[in-house]
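Here's a quick tour of some side-chain features worth a look in your viewer.

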Amino acid sequence: MATLKDFRNNVKPNWCPGCGDFSVQVAIQKAAANVGLEPENLAIVSGIGCSGRISGYVNAYGFHGVHGRSLPIAQGLKMANRDLTVIASGGDGDGFAIGMGHTVHAIRRNIDITYIVMDNQIYGLTKGQTSPRSAAGFKTKSTPQGSVEQALSPLEIALASGATFVAQSFSSNIKQLTELIETAIRHKGFSLVNVFSPCVTFNKVNTYDWFKENLKDVETIEGYDPSNRVLAMTALMESEGLLTGLIYQNKARQSYEELVPGFHQEPLAHQELSLNESQFDQLVAEFR
């Protein structure tokens, strides 16, 4: 059985020292080993940004997509080979700005993949501009007098869009993050795991210390039930989104693959795709 070391490769990450993405990478590798995967069973699809590099840092199938498009690629990959465990990954700009339309529709579609967002509330790769997750008043090179825009609440949007799995963690809490990714992988449907992953170079507000002081764990809420969607939404709103843990899970709803009529259990890669002359003539006849 594969171990953490089997999911490591010889590519050295070029993230800034102290970047939260290092911990996310380790959590993914640990979770993959803990659920019994082999490197050839896992595919990681990433977008653009600092977080987009992660697909090349894990010993698995990797695909570095274009900005905001990791989810369409990941969904297509899962539909072509349902035997693969597919993880899409990206940053808050990648998933909640240019890719937000894909995020909402992937959520409502409920294809059996896991989406891990490394949320640092800033555009780090382009050297420090506001993202959809930057708070009002946030000062950057693009907003020197402070942002006048309201920060997006992605987990509230996910719940409103019909998400069946919503979780949030902090890159410093590798134990919790690993466990949440394991649960997300096992979940039959679309799983969103948002991770507060501080940018130590360009975000001097939402620091490790800031998160440690402001985050609240769902386990501290008396009587919290992650199967209660209304309770999950209420808890998110009351905590202003700074809630960690398994926030919501619906185990009853079927995944997209289970609902599509005639969808083969056998992956496309293993199916016989050649056409005989009769089948070819029949297809051509449809266009006459």
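What follows covers the ground rules, then salt bridges, aromatic rings, a loop serine, cysteines and a surface patch.

## Ground rules

This is a predicted model, so local features need pLDDT of at least 70 and side-chain atom pairs count only at pLDDT 80 or more, while totals for chains, interfaces and linings use all residues. Residues are numbered from 1 along each chain as its sequence is written, and side-chain values use heavy atoms, with hydrogens and water left out.

## Salt bridges

Side chains of opposite charge can pair when their charged atoms come close. The search over the whole structure turns up three salt bridges (a side-chain nitrogen of Lys or Arg within 4 Å of a carboxyl oxygen of Asp or Glu). One of them joins D119 to R133, with the closest N and O atoms 2.7 Å apart. D119 sits in strand β4 (residues 114-119) and R133 in the loop between β4 and α5 (154-160), so this pair ties together parts that are 14 residues apart in sequence. Helices (H or I, at least four residues) and strands (E, at least two) are DSSP runs, numbered from the N terminus. D119 and R133 are both buried; buried means under 20% relative accessible area, exposed over 50%, and partly exposed in between (1.4 Å probe, protein chains only).

E179 is partly exposed at 38% relative accessibility, whereas K175 is exposed at 59%. E182 and R186 pair up with their closest N and O atoms 3.8 Å apart; they too are four residues apart in α6, about one helical turn. E182 counts as buried, at 13%.

## Aromatic rings

How many aromatic pairs does the structure hold? There are seven, where rings of Phe, Tyr and Trp (its six-membered ring) pair if their centres lie within 6.5 Å; planes under 30 degrees apart count as stacked, over 60 as edge-to-face and the rest as tilted. W15 and F22 make an edge-to-face pair, 5.2 Å centre to centre with 85° between the planes. W15 is buried at 5% relative accessibility, while F22 is partly exposed at 29%.

W210 and F211 are edge-to-face as well, 5.1 Å centre to centre and 85° between the planes. Here W210 is partly exposed at 27% and F211 is buried at 1%. Ring pairs also link F170, F196, Y208, W210 and F211 into a cluster.

## A buried loop serine

S171 is in the loop between β5 (165-170) and α6 (174-186), and it's buried at 1% relative accessibility. Leaving aside neighbours within four places in sequence, its contacts (heavy atoms within 4.5 Å) include F196 and Y208, along with G20, S23 and P198.

## Cysteines

No disulfides here: the whole-structure search finds zero (cysteine sulfur atoms within 2.5 Å would count). The C16 sulfur has its closest cysteine sulfur in C199, at 6.4 Å, too far for a bond. For C50, the closest is C19, also 6.4 Å away and too far. C16 is partly exposed at 36%, and C50 is partly exposed at 22%.
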